[in-house]
Amino acid sequence: MNNRTKDFLWKLKMLRQEPVLVLLIFILLAALSIFVIFPLVMIIRYSITTEDGTYTIQTIIDVIKNASYRLTFMNSVKLGVIAAGIATVIGYIFAFTITRTEVPCKGFLKTMATLPIISPPFVLSLSIIFLFGRKGLITNGILGITDFNVYGMHSLILVQSLSFFPIAYLTLSGILEAIDSSVEDAALNLGASRWKIFWTVTFPLSLPGIFSALLLVFIQSLQDFSNPAVIGGGYPTLGVEAYRVITGMYDLRTGAILSIMLLLPSLAAFLLQKYWVSGKGFVTVTGKPSQNRTKIDQKHIVIPLFTVCLMLCAVIILFYGTVIVGAFVKVWGIDYSFTFDHFRYVLSVGLKPLKNAILLALAATPIAGLTGMAIAFLTVRKKFIGKGYMSLSAMLTFALPGSVVGISYILAFNDKPFLLTGTAFILICVFVFRNLPVGIEGAKSALMQIDPSLEEASINMGANSFQTFFHVTLPLIKGAFFSGLVYSFVKSMTAVSAIIFIVSARWNVVTTRIFSLFEVSQYSDAAAYIVIMILVIMAAIYVLNFLVNLINSPQKTAKKTVKG
Amino acid sequence: MRNKFITTVAVALGVAFLMTGCTKKADQSAEGAAVEQSKELTMYCALPETEIPSYLEAFKKDTGITVNFVRLSAGEILSKIQVEKNNPQASIWYGGNCDSFIAAANKDLLEPYRSPELANIPENYQDPIGNWSPVYVGALAFAVDKDWFATKGLEYPHSWADLLKPEFEGQISMAHPGSSGTAYTILATMVQMLGEEEAMTYMGELNKNIRQYTKSGSAPPKNVGLGEAAIGLAFSHDCLKPAVQGYPVEVSFADDGTGYEIGAIALIKNGPEEEVESAKKFIDWVLSKKGQDVYSTNSSFRLPVNSNAVVPEGAINISDLPVIDYDFLWAGENRTRLIEKFTEVIAAKENLK
């Protein structure tokens with residue numbers, strides 16, 4: 001018997017002791033196979049067959065040979081790398097300031113750091129045209145520039161960094177919160193400077209989170225459709241190119257292949273992160289009672305960080321303020337007199353799609369949140385067959401451009417054995433499987449901080465894996481759990497390209513309505529929708545925060561005991 | 001290796017298990033399907049969402065049939081019905097350039113139907129086989145920024161040659177022919193007017209004055225409204241919309257001849273059986289005077305094809321415009337080739353804007 005087989009038998013034996021866990025793993029693997037791998041296989045198969053069913057790789061060859069596709073591919077990668085870098089830096093500054101220092105108005109900073117993901121992204125693109133376009137408020141109105149070109153890579157970098165930094169913030173604040181501050185305090189007591197502590201303790205400890213954030217933003221940027229479509233200008237990207245080929249050239253096959261090409265850099269980044277970063281995690285949460293977390297309050301550190309955050313907040317407020325003001329003016333850009341007409345219009349005709357969107361998001365959020373935590377827990381903590389398959393497949397749908405996910409879902413679920421088109425179920429599935437990775441990545445980074453002996457202790461004392469997960473692990477990764485929930489709720493509410501192909505007459509949602517309003521220049525009505533959506537999402541975040549805080553944190557209990 | 005093999009088998013078994021579970025469900029729903037005609041109709045519609053209710057409400061008043069719709073662009077609808085081929089989720093496709101209907105018919109996705117109302121519609125607008133029916137026409141036009149022209153003291157463009165004037169450098173917005181039916185109509189119009197080689201030279205010259213190639217065909221007039229371009233090339237009904245919204249946009253036409261689009265409607269092949277009769281009723285209604293008169297009340301500015309219908313106020317009747325004898329079938333057949341050539345010409349000049 002060789003080692004592999006032994007190892008395998010050992011895993012089997014271990015799993016036999018916990019049949020429910022085995023069942024869960026089985027269900028997750030099956031669900032990922034059906035809702036991620038199966039559609040992907042269907043669209044790959046579709047792209048390499050001709051109309052009459054014979055297989056051909058001619059389309060792939062044509063795509064690879066085409067110089068403009070290659071250029072577009074490189075454009076996407078370049079943009080993704082830059083946007084990921086900037087967004088992660090901004091996200092880290094926010095996360096560090098909020099979790100590690102004594103600054104005023106933390107609630108405000110937190111709201112600002114999540115705001116950009118809560119509205120459809122093309123809104124930022126529109127704001128940027130209003131602010132920096134030819135008749136832009138800033139370029140023309142204030143600076144008097146008459147011919148500023150707002151279209152192109154510079155705008156894309158700005159808009160993408162701004163729209164995606166919340167993902168980095170969410171991932172990083174989860175992990176920074178999870179780092180036990182006693183390590184930092186110990187260093188401080190030994191006389192190390194704050195700067196030294198940051199570079200030798202805090203920063204290395206947050207590396208797994210940084211890589212997760214980079215990966216997530218990179219993938220988001222690659223598959224982003226609406227921003228490049230609106231303000232990309234002379235900078236063609238692969239996601240937009242795929243859409244153009246599908247809907248403009250009526251060439252679904254080439255479009256599918258272009259989208260599948262997008263998976264390559266995403267996969268490369270994923271593998272890099274997986275093999276390079278694994279082993280870079282350090283355990284800091286050991287279960288031993290720690291002192292109350294001391295936060296940095298030295299003025300020379302807090303003031304610069306606070307200033308940077310405030311400046312970023314100002315930019316965000318400027319962009320969103322433009323949208324909010326737009327909802328209350330007669331005709332955006334022309335007649336700025338105040339009116340409630342747009343809200344009246346939205347509330348009279350648009351309640352049903354809004355209700356649908358909320359219902360679907362409510363259904364998808366807990367499923368996505370818990371599934372994400374379960375997958376992170378299983379892949380970090382348990383040994384089982386199909387672990388690599390699980391963590392990889394959970395990322396795939398996230399990395400594909402939305403329109404292709406939509407098309408692959410029709411190919412997979414419009415026929416027996418899975419006849420799901422036209423139902424709410426298929427939309428919920430898209431939301432769940434498309435929004436999983438943010439929760440998973442956050443939780444994985446946080447889990448790497450936590451000493452497995454905590455969970456082992458729980459198991460040894462007779463708890464099963466589920467009790468351990470809900471009473472020990474989940475409370476410890478609460479931050480990441482919350483981020484995952486918020487992200488899936490928001491993304492389910494605001495999804496555009498992923499669902500455009502699978503919405504049905506019965507299940508139509510609000511974002512498609514907003515898109516149509518843009519088509520007929522009714523920007524202010526669109527803005528009114530967006531304001532209402534922002535209110536709904538803020539309410540949801542508030543409720544989620546309340547619910548997640550109900551999860552009892554063992555750390556807090558431990559601290560209380562120590563104090564008492 | 002063995003480990004991986006076992007994984008694969010386990011996963012495959014899981015999938016197979018779940019598949020059997022779902023098959024039963026699907027069978028049940030198939031049994032439940034009624035053969036009787038439904039009082040509801042499902043439609044994919046490429047018209048702006050703000051316009052759609054005006055047609056559906058009027059239709060319901062006349063027939064009592066409720067129409068449920070999904071709004072998508074014409075290209076999206078084509079992709080959707082292509083992948084839904086085995087089990088179409090709608091019975092009607094309403095709106096969008098006939099160009100994409102021709103492509104759909106070539107892929108065998110449409111069900112021919114000849115409405116009796118076609119008798120009132122000029123034959124040159126019709127598809128000889130009846131795969132699709134014409135519902136409106138729109139001529140290519142120039143949306144111009146009134147304020148920009150006033151400040152510069154320039155005249156509105158009145159011909160395609162005018163667009164090449166050096167004072168318009170970086171001022172013109174049009175969609176990319178590869179992503180927009182509107183822009184392809186412009187390209188095909190130029191080829192039909194000038195011949196292929198000369199048309200490509202023209203597009204290359206025009207490229208100097210182009211500020212941005214947009215994705216959607218209705219975007220250029222909006223860019224003009226927002227001041228992002230001084231001239232936008234699009235169909236007249238799209239050019240007139242920002243003006244209604246209050247933007248300083250006016251419309252001019254090429255006096256030396258212009259192309260036009262035919263908006264179409266069609267039955268989707270193998271659509272829900274219980275909807276077929278109602279779907280035919282809907283097509284009849286949309287082509288009738290009643291259905292076409294709605295254009296004059298809903299500020300869509302679409303030009304009716306039924307010769308008895310009222311022409312919307314503010315819109316210019318197509319018979320008053322110097323439209324060329326645009327060959328739709330030819331345009332549909334040469335589409336891929338012309339777009340590739342266009343992309344080459346433009347890309348050679350300077351990368352895609």
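**Figure 1. The loop that holds B:Pro272.** B:Pro272 is found in the loop between β10 (260–268) and α10 of chain B; helices (H or I, at least four residues) and strands (E, at least two) are DSSP runs, numbered from the N terminus. This is a predicted model, in which local features need pLDDT of at least 70 and side-chain atom pairs count only at pLDDT 80 or more, while totals for chains, interfaces and linings use all residues. Residues are numbered from 1 along each chain as its sequence is written, chains are lettered from A and ligands numbered from 1 in the order in which they are written, and side-chain values use heavy atoms, with hydrogens and water left out. B:Pro272 counts as buried because its relative accessibility is 17%; buried means under 20% relative accessible area, exposed over 50%, and partly exposed in between (1.4 Å probe, protein chains only). Leaving aside residues up to four places away in sequence, B:Pro272 touches B:Pro88, B:Gln89, B:Ala90 and B:Ser91, where contact means heavy atoms within 4.5 Å. B:Gln89 is 183 residues from B:Pro272 along the chain, yet their C-alpha atoms are separated by 6.9 Å.

**Figure 2. Helix α9 of chain B and its surroundings.** Helix α9 (residues 236–245) of chain B is largely enclosed by the rest of the structure, because seven of its 10 residues are buried. These are B:Ser236, B:His237, B:Asp238, B:Cys239, B:Leu240, B:Lys241 and B:Pro242. The buried residues of α9(B) pack against β5 (133–145), α8 (219–225), β8 (231–235), β9 (249–252) and β10 of chain B. Just after α9(B), B:Gly246 has a positive phi of about 110 degrees.

**Figure 3. Salt bridges in chain B.** A salt bridge is a side-chain nitrogen of Lys or Arg within 4 Å of a carboxyl oxygen of Asp or Glu. B:Glu51 forms one with B:Lys241, and the closest N and O atoms are 3.8 Å apart. This pair links distant parts of the chain: B:Glu51 is in the loop between β1 (40–45) and α2 of chain B, B:Lys241 is in helix α9 of chain B, and they are 190 residues apart. Both B:Glu51 and B:Lys241 are buried. The side chains of B:Glu228 and B:Arg211 meet in another salt bridge (3.1 Å, N to O). Here B:Glu228 lies in the loop between α8 and β8 of chain B and B:Arg211 in strand β7 (residues 210–214) of chain B, 17 residues apart. B:Glu228 and B:Arg211 are both buried. Salt bridges with shared partners join B:Glu51, B:Asp238, B:Lys241 and B:Arg302 into one network.

Figure 4. A:Glu441 and A:Lys444 form a salt bridge, with the closest N and O atoms 4.0 Å apart. Both residues lie in helix α19 (residues 424–447) of chain A, three residues apart, about one turn of the helix. A:Glu441 counts as buried because its relative accessibility is 1%, and A:Lys444 is buried with a relative accessible area of 17%.

**Figure 5. A:Arg194, a buried charge without a salt bridge.** A:Arg194 lies in helix α10 (residues 194–223) of chain A. A:Arg194 is buried yet has no salt bridge, and the nearest side chain of opposite charge, A:Glu184, is 5.4 Å away. Lys and Arg count as positive and Asp and Glu as negative; His and the chain ends are not counted. Not counting residues up to four places away in sequence, A:Arg194 touches A:Leu188, A:Ile296, A:Gln298 and A:Ile301.

**Figure 6. Two aromatic pairs.** A search of the whole structure finds 43 aromatic pairs over all chains. A:Phe198 and A:Phe203 form a tilted pair, 5.9 Å centre to centre with 45 degrees between the planes. Rings of Phe, Tyr and Trp (its six-membered ring) pair if their centres lie within 6.5 Å; planes under 30 degrees apart count as stacked, over 60 as edge-to-face and the rest as tilted. A:Phe198 counts as buried at 15% relative accessibility, whereas A:Phe203 is partly exposed, with a relative accessible area of 25%. B:Phe59 and B:Phe282 form an edge-to-face pair, 4.8 Å centre to centre with 85 degrees between the planes. B:Phe59 in helix α2 (residues 52–63) of chain B and B:Phe282 in helix α10 (residues 276–287) of chain B are 223 residues apart, and both are buried.
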